Amino acid sequence: MDPIWQILVNGVGLGAVYGLVAVGIQLIIGVSGVPNFANGQFYMLGGYVLFLILGFVGIGYFPSLFLCILILAGIGAIAERISIRPLMERPRSAGLISTLALGMFIEGLILILFTAEPKTINTPYSGIILSIGDVSLSVQRIIMAVGGVGAFVLADFFVRKTKVGKGLRAMSQNKQACRIFGIDIFKMSRIAFMLGVALAAFAAGLVVPLFALSPFMGSFIIFKAFAVVIIAGIGEIRGVMFAALLVGLTESLASFYIDPLFRDVTAFLFMICVLLIRPQGIFGEKSDLLFAK
Amino acid sequence: MNRIHSLGHRSIWLIIIVLSFLLPLALQLGYIQHIMIMAMVYIILTLSLNLIAGNTGYVSFAHPAFYAIGAYTSGILLKTSAIPFLGILLFSGILPMAISIALGYLFFSRVRGFAFAMTTLAFNAIAGLILSSVLPNIVKGVEFQGVYAIPRATISIPPLFTFTLTSNIHYYYFLLCITLPFIGLMSRLMSTKVGRALTAIRENELLAEALGINTLNNKVLAFAIGAFFAGIAGGFLAPYITFVSPDLASAYYWVLFFTMLFAGGPGTLIGPIIGATVFSVLPELLRFAPGVSFTPELRQALFGLSLLLIIILIPDGIGGKIKEIIYRRRARA
Amino acid sequence: MPGNWTNPKVIAAMIVVVLLIGFGTGYLTATYTIQPTSSKQPISIGLVLGLSGRYSYGAQQALSGARMAIQEINDGGGVLGRPLELIAEDDRGVVADTVSGANKLIDVNGVHYLLSTGASGGTLAIMPIALEKKVVLLNFMTSSPAITNQSGIGGNPWTFTLCPDEFAYARAFASLVNTSEIPANSFSFLAYDMAWGRDACAAYVQYIEAAGGTITSTNFYDPASTEFTTILTKIKAENPGGIITMTTTESLLIILKQANELGITLPVYNRAVGLGPALIASGGNLTEGLYGMDPWYAVVNTTANTEFLQKFKLFSGTVPEQYWPWSAYETIHALGEAIQKAGSDDAEAVRTALTTIDMPSATGGSIKFDEHNAAHNYVFIAKIRNQQVTIVTQGPG
């Protein structure tokens, strides 16, 4: 009998992580137009910051997670000032390359400080393993799924109901109009970036106790996240979780029924299919800037 | 305006050409010749990427895949067939070009900008996977995941002569005879109607369309020419290194290509040349740096930082800056 | 466009740039060109290794092993009255850099002998260089059968392999299938999707099936991946008797962790990750019952090995995590012996001498090359019991 429930549970877990990183990217790309290739490295940085906090400041897992998010948001603000703001008036490819370079720099820095050797983080929850039927998972994984969905709901609420959030959405619709109406576009861009980075750091904090901490985990996840972004539709926040879960589930199923090696290209194949049929993504709207007629 | 992509100083190019023919004779070390050969390979790769990414403004992650496909094609054919090398080399360019045309028509008609970049990323990942995991099961000669023991290239124009390229000097001159015309081609290309169309697409694609430019065909053309020469570079690599592995399609290479292109100066002729030369020679020079240990981690951090700073402070890259200085001097003179 | 003779300063600048790049490297390297050998000139040995970069775990220790051997030999008066010197180049695990590093060592430093890198692809790439430039290539760390297949008789006479190839490991493992130590009969593979992962898997499949066992599945994973629950779910459902892994150290730790999370209790037979103290420390309880297959373990109980460990601890301050430091150490000694026997440092003479040496190894085996220039030492299968490594069996390498 195929362990279908286990496969589905695995998929949901994967999807939650991709979704969190992808939401961050959506916010940033929606507001400043820049595909933040460094988000993977910020995710990874979040993991290392958590590792340091857990190791040197003994305040327990959840408080450490919270602190970690704050620190990463701060780093994000600085990074935005350096690598996004100066490029706001330039063609989009500049932002792509600059965030790529930023990511390379962060990864190199971490490699120097921590070496390529991976580290393991354990929380009290990663050791507790539950067995429900023939599904086996650790409490940490449940936390990850719950945290992921929770963060997403919060992000969605923030974007739709709060003043700042509405400002962000307005930015992604029409930057020029925002200027005219007195919205500080620089502040918006910074907030979006900080949020995006914070979400990525949160994702890492949830996930690292399950895997291992390595300087390269960022470059691995960023492509999945971008694929999810394209599948959902660039700038679409609501659709992202759905798309992410879809990708996670497909990966898990493909890994079992087809071949584990193809798991990693599943997201891309999915993305290509979506692009061929509906280029603007499942939930996206056509915009001349990104999609041809 | 049609001077943009030629330096305008024929004398300088002449000097450079002459020097490049004399250089390997002055520096007899195989090691130096290897560095110069790899610099030329990267010049070809970067200039060909420049066509779609720099001149047309469409960033493409697929370049390593075309490079790898060319290399594998060349390696496999050299090892298992009796086709003359020049034919193999040509085919190493044609195969990736054909693929790029198919991809181009499929995706340029649907997506732009960042979304297009993602499709190239997807293609690169899938191609890498096929080369490393699918090919060994299908093609003879690739059992151990890479193609090894590739025989040396033999140029034969019967009944005039048959010559086998064995030493680094042979490969250097052979590649030089490809690289120089290629640079000339790229230079001429940008002052043709196609070149101007590409620039128009980069500056404002919608306007270009409104002006009646067939953006689809032009983009596919740029993409295809880029893929063709990337394949040629790969096709040359196979008999030179005698070993070809799937990591040619890996992320390491598009990071390298982007660094060379964007720090060098996208959209210009001399930019990619400078970028390719600097970023292939510099790591080797750093081997000799006394005192400071230039570990690859430090290198990566420095490259990332310098690329970031260049993108932000000198948006047109090193090449662009040089041109700016030259034009300012000329204006003053 | 007429050729404008513009500002001579600009022309001069361009020339200087080109010259700098070309001749600058020439000048810098000229200072490193070998001088003609005098009787007290050191004998240079080259080493290309992934000293940093992605797969550098343990490579630094291998370097220490080589250096320790060099120091020992030099303390004893050197070889042919001359000291040995090791020149190491970092290839960061990238094949292109392996090639350029090897070229640099041969052309610029003038080495006649080269120790090869840690990736099979790298070794394969520089074998033709060794052949063309007539340099002895000593493969002490990579196990692709393609290397030994192409060496020695009918192939590349300059390449020598001092570590077992995957067929040797597979043979030793297969001999234990269906016995009391490995009662399991069916196995699932989990391997790193690179050259040696694939080659190793192929070798194991061949020998296990010949021994009457079955392979339930072969699963390859992207080296960058950190998520194995999907693959492990699949393996768990197949219900094999055991899991054979060919992975990196970090992947193995994650695999053990996630396998535990999924409630998998199958024995894990790991090939390629050394069972060292750092692994046991990081993995803790998860490593209990883990198997390993290597040509050397710290717990191999011979006087020579105990001595080696003590010396290594003193020299580098660490205990070897993998077999590489021992392998590098013995390779240097073998090379030294061959040079002494050849009576000169000439590459061809040393090559011939290597084919005739017969030296004892610290593990109790011997270093003696067969017609494919492969030395057959031992292969050990070990297991972690109560946080200690214990040898289960040994077989011919």
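Student: How many bridges join strand β9 (residues 268-271) of chain C to β10(C)?

Tutor: This is a predicted model, in which local features need pLDDT of at least 70, side-chain atom pairs count only at pLDDT 80 or more, and totals for chains, interfaces and linings use all residues. Residues are numbered from 1 along each chain as its sequence is written, while chains are lettered from A and ligands numbered from 1 in the order in which they are written. Strands are DSSP runs of E, at least two residues long, and helices are runs of H or I, at least four, numbered from the N terminus; two strands pair if DSSP finds at least two bridges between them. β9(C) and β10(C) run parallel, and the number of bridges joining them is 3.

Student: Which residue of β13(C) is the bridge partner of G292(C)?

Tutor: Strand β13 (residues 378-385) of chain C pairs with β10(C) in the antiparallel sense over 4 bridges. In β13(C), the partner is A382(C).

Student: Are the residues of strand β10 (residues 291-294) of chain C buried or exposed?

Tutor: A residue is buried if 20 or more other C-beta atoms, placed from the backbone, lie within 10 Å of its own, exposed if 12 or fewer, and partly exposed in between. Y291(C) and M293(C) point one way, G292(C) and D294(C) the other way, and all are buried.

Student: How far apart do the C-alpha centres of domain 1 of chain C and domain 2 of chain C lie?

Tutor: The bounds, from an automatic or database domain assignment, are 43-164 + 301-378 for domain 1 and 167-294 for domain 2. The distance between their C-alpha centres is 28 Å.
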